[in-house]
Amino acid sequence: MTEQNSQQSAISPARAAALAAVDSQKSADWWSTAVSDIEPDVIRFRGYPIQDLIRHATFVETIWTMVRGTAPTRAEAALLEKALVAAVDHGPQAPSIAAARMAATCGVGLHGAMSTGVGLLGDVHGGAGQQCVEFLQRLVARAEGGDLAEAVAAEIAAYRERRAYVPGFGHRFHTRDPRRDPLLEAVQDAVDAGVVSGRYLAAALELEAQLSAGRTRPVPMNIDGATAVIYAELGFSAELARGLFILSRSVGVLAHSWEESQSGRRIKGPMPPPLLPTYTGYPERAWGADDSGTAPSEVPAE
Ligand SMILES: CC(C)(COP(=O)(O)OP(=O)(O)OC[C@H]1O[C@@H](n2cnc3c(N)ncnc32)[C@H](O)[C@@H]1OP(=O)(O)O)[C@@H](O)C(=O)NCCC(=O)NCCS
């Protein structure tokens, strides 16, 4: 044995103990999963051979099967598809899309542009859907065996006391979100066909009616509210509703990132030149000069 080999084979007692403690079963269990089963020449998702899925399943049915474990009915998948179609894009005025487009001009490739856009979707931007599913679930549980209108009134009163907005209602510039009606019509059709119960739809409609009561400008359900009804009716957890929204919005992020990357523009900023952001800080001053009393009110005291 050469000196180099003997140095390589001399492992520490801690490493030797670790190796002895791990058998091949433990190693295989490390990433144990019920989602997919991949072996040489075999690919199964949730137990379904990929050949069957390719031949017979739609993308939406595959999404459902992957996250839920069992296949949806055609009618369930059709309802889910409505929510996924509706949320695909909302233009570059959505910060996630604008950020993705800016990133696309900075040489980070499509993957970098997409992850920039998707990375902005969180509790504040894109989060109302998850919050609305949670809200509807709480509302339906509260109304169970009682009065829905009373439960809604109590929830709204609690929000008003906190001066909070009910997630899934109102919109910055749509007076009536154009996605609301077709989404709710699809839920109603699914209720009529016995595909879903309609409990969450009823709760959301009661919420909408009470939020708008007595107001000249109503507060209609927005995309997040209408898709939350679909996710809740279909039995998705609130967190999965967020994940599915992001999956859908990723299509828009991809399309915008691709379009911007094809423009040939480089390092596109957030506002068109020659516009400059409004400056609210100190006027020009000499380094080392006495600046007492000159701090503009907008500059936070340090
Ligand atoms: C989206 C949102 C910021 C738009 O707000 P906006 O159009 O600026 O609405 P305003 O702040 O001008 O509110 C207008 C009135 O409607 C009420 N209102 C608007 N959205 C409301 C909501 N979600 N819940 C309760 N009241 C609401 C406001 O209290 C205000 O009432 P007032 O006239 O008595 O003061 C706001 O509706 C909101 O935060 N909604 C919840 C979050 C959400 O669903 N986001 C996803 C949007 S797609």
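The domain assignment for this chain gives domain 1 as 34-72 and domain 2 as 95-262; such bounds come from an automatic or database domain assignment. The centres of domain 1 and domain 2, taken over C-alpha atoms, are 28 Å apart.

Some housekeeping. This is a predicted model: local features need pLDDT of at least 70, side-chain atom pairs count only at pLDDT 80 or more, and totals for chains, interfaces and linings use all residues. Residues are numbered from 1 along each chain as its sequence is written.

Overall dimensions next. Along the principal axes, the C-alpha trace spans about 90 × 75 × 45 Å.

In secondary structure, the chain has 14 helices and three strands. Helices (H or I, at least four residues) and strands (E, at least two) are DSSP runs, numbered from the N terminus.

Of the 302 residues, 29% are buried. A residue is buried if 20 or more other C-beta atoms lie within 10 Å of its own, exposed if 12 or fewer, and partly exposed in between, with C-beta atoms placed from the backbone. As for contacts, two residues are in contact if their C-beta atoms, placed from the backbone, lie within 7 Å. Among contacts between residues at least 6 apart in sequence, 70% join residues at least 24 apart.

Now the interior. A nonpolar core here is a set of buried Ala, Val, Leu, Ile, Met, Phe, Trp, Tyr and Cys residues joined through C-beta atoms within 7 Å. The largest one has 43 residues, and the members touching the most other members are Leu136, Val187, Val229, Ile230 and Tyr231. Helices that each supply at least two residues of this core include H5 (59-68), H6 (74-86), H9 (128-143) and H13 (223-233). A second, separate core has ten residues, among them Ala94, Ala100, Ala113 and Val253.

Which helix is largely enclosed by the rest of the structure? Helix H13 is, because eleven of its eleven residues are buried. Its buried residues include Asp224 and Glu233 as well as Val229, Ile230 and Tyr231. The cover over the buried residues of H13 includes H6, H9, H11, H12 and H14. Just after the helix, glycine 235 takes a positive phi of about 85°.

Two single residues for comparison. Alanine 151 sits in helix H10 and counts as buried, because 20 other C-beta atoms lie within 10 Å. Apart from residues up to four places away in sequence, alanine 151 touches Leu139, Arg142, Ala143 and Gly146. Valine 118 is in helix H8, residues 109-119, and is partly exposed because it has 18 C-beta neighbours inside 10 Å. Valine 118 and serine 96 are 22 residues apart in sequence, with their C-alpha atoms 6.4 Å apart in space. Beyond its neighbours within four places in sequence, valine 118 contacts Ser96, Ile246, Ser250 and Val253.

On the ligand: which residues come nearest? Of the 14 residues around the ligand, they are Ala128, Tyr165, Val166, Phe169 and Gly170. A residue is near a molecule or strand here if its C-beta atom, placed from the backbone, lies within 6 Å of it. The shell has eight nonpolar, four polar and two charged residues. Ala, Val, Leu, Ile, Met, Phe, Trp, Tyr, Cys and Pro count as nonpolar, Asp, Glu, Lys and Arg as charged, and the others, Gly among them, as polar.

Last, backbone geometry. Most residues other than glycine have a negative phi, and most peptide bonds are trans. Arginine 46, in the loop between strand E2 (42-45) and strand E3 (48-49), has a positive phi near 50°. With 18 C-beta neighbours inside 10 Å, arginine 46 counts as partly exposed. Isoleucine 267, in the segment after H14, also has a positive phi near 50°. Isoleucine 267 is exposed, with 8 C-beta neighbours inside 10 Å. Proline 274 is likewise in the segment after H14, and the peptide bond from proline 273 to proline 274 is cis, with omega near 10°.
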